[in-house]
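Let's take a friendly walk through this protein model. Keep the viewer open as you read.

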Amino acid sequence: YEVEKEWSKAIDAARELQTLDQKDYRMQIAQFCCELAQDALQKKRPEDAVEWLRRAREENPANIRAPILLGDVAAAAGDLPGALKHWLGIEAQAAAYLPLAADRIVKAYATLGEQGKAVDWLRGLLKGNLAAELLDTAYRTELEVNGPVAATAMMREQLRRQPTLLALARYFEAQAAEMEAPQTAGVASADGAAGDANDEANPAADEQAQETIAIRDLLQLRTRNLARYTCRECGFRARLFYWQCPGCNRWETYAPRRSEALG
């Protein structure tokens with residue numbers, strides 16, 4: 001039934017197996033309910049989705065997928081404060097899974113016109129043990145909201161706090177973006193005179209910019225497929241997080257933390 005995606009039948013079969021084998025299938029049943037909720041969302045039936053998610057939480061109160069999907073239901077209905085409540089609540093339930101909802105949270109704040117709250121929220125989390133997972137989201141948000149200079153400063157601070165190859169890559173990306181940004185011509189001096197926008201080129205600055213861009217390009221190439229989620233059962237590695245492992249088909253075997261590994 002799982003292979004055929006017959007989730008309702010899979011629920012019935014799991015309940016029967018639970019009775020016969022005296023094994024606990026509540027985690028799997030909760031995931032089957034989430035699959036049905038996902039289907040209902042795709043078919044524009046939010047009421048059905050909410051009901052399936054309620055059942056998922058009854059089966060397994062520790063299920064994290066349910067609040068993520070409940071936030072999706074609220075966001076689709078235009079209730080962004082309600083969606084944020086579901087997503088931000090994940091931190092109290094199982095903080096390690098919070099990065100799975102980070103992009104949703106940032107988008108919701110942006111839609112509400114509260115990008116500053118998103119930046120502050122991410123800056124705070126970068127100081128904790130979720131920094132590696134939230135690094136890309138924090139970098140993109142800082143760059144979009146406050147520009148390359150602020151993004152460079154954020155990544156410099158992060159390298160001091162927790163040096164990783166990915167943080168180094170984002171640092172040079174921000175520096176390159178800062179150098180490539182168009183400079184404001186004719187900046188007024190203290191006495192009101194405009195600066196000369198046609199000053200002779202600075203060879204040293206040009207060389208430094210070329211070196212920074214070269215390092216950025218090299219790091220982007222080396223880190224493009226660096227961080228991976230790994231199944232603890234079969235070792236299958238993937239760039240995306242899966243609730244059901246594509247390698248062994250077991251549920252909830254992916255830790256929400258990625259590892260950096262070359263090769």
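This is a predicted model: local features need pLDDT of at least 70, side-chain atom pairs count only at pLDDT 80 or more; totals for chains, interfaces and linings use all residues.

## A pocket and its lining

Helix α2 is the biggest contributor to the lining of the second largest pocket, giving four residues.

## The chain as a whole

Stepping back, the protein chain has 263 residues, of which 39% count as buried. Its secondary structure comes to 12 helices and three strands. Among the contacts with a separation of 6 or more, 51% are between residues 24 or more positions apart.

What about the outside? The chain exposes about 15,000 Å², and carbon and sulfur atoms supply 50% of that area.

## Aromatic pairs across the sequence

How many aromatic pairs does the structure hold? There are 10 aromatic pairs. One of them joins Trp7 and Trp251 in an edge-to-face arrangement, with 6.1 Å centre to centre and 75° between the planes. Because Trp7 lies in helix α1 (residues 7-21) and Trp251 in the loop between β2 (237-238) and β3 (259-260), this pair ties together parts that are 244 residues apart in sequence. Trp7 is buried, because its relative accessible area is 4% and buried means under 20%. Trp251 also counts as buried, at 6% relative accessibility.

Another edge-to-face pair is made by Tyr97 and Phe241, at 6.3 Å centre to centre and 90° between the planes. This pair links distant parts of the chain, 144 residues apart: Tyr97 is in the loop between α6 (90-94) and α7 (102-111), while Phe241 is in the loop between β2 and β3. Are Tyr97 and Phe241 buried or exposed? Both are buried. They also belong to one aromatic cluster, together with Tyr229, Tyr242, Trp243 and Tyr254.

## A charge over a ring

Trp52 is worth a look for another kind of arrangement. The charged end of Arg55 sits over the ring of Trp52, 4.5 Å from its centre.

## A buried threonine

Now turn to Thr137, which lies in helix α9 (residues 131-146). Is Thr137 buried or exposed? Thr137 is buried, because its relative accessible area is 8%, and the cut-off for buried is under 20%.

Which residues does Thr137 touch, not counting residues up to four places away in sequence? They are Ala102, Asp103, Val106 and Leu122. Val106 is 31 residues from Thr137 along the chain, yet their C-alpha atoms are separated by 8.3 Å.

## Two positive phi angles

Most residues other than glycine have a negative phi. Lys44 has a positive phi, near 60°. Lys44 lies in the loop between α2 (26-42) and α3 (46-59). Its relative accessibility is 72%, so Lys44 counts as exposed, given that exposed means over 50%.

Glu252 also has a positive phi, near 55°. This residue lies in the loop between β2 and β3, the loop that also holds Trp251 and Phe241.

Methods: Residues are numbered from 1 along each chain as its sequence is written. Side-chain values use heavy atoms; hydrogens and water are left out. Buried means under 20% relative accessible area, exposed over 50%, partly exposed in between (1.4 Å probe, protein chains only). Contact means heavy atoms within 4.5 Å. Accessible areas come from the Shrake-Rupley method with a 1.4 Å probe; for residues, only the protein chains shown count as cover. Rings of Phe, Tyr and Trp (its six-membered ring) pair if their centres lie within 6.5 Å; planes under 30 degrees apart count as stacked, over 60 as edge-to-face and the rest as tilted. A charge sits over a ring if NZ of Lys or CZ of Arg is within 6 Å of the ring centre and within 35 degrees of the ring normal.
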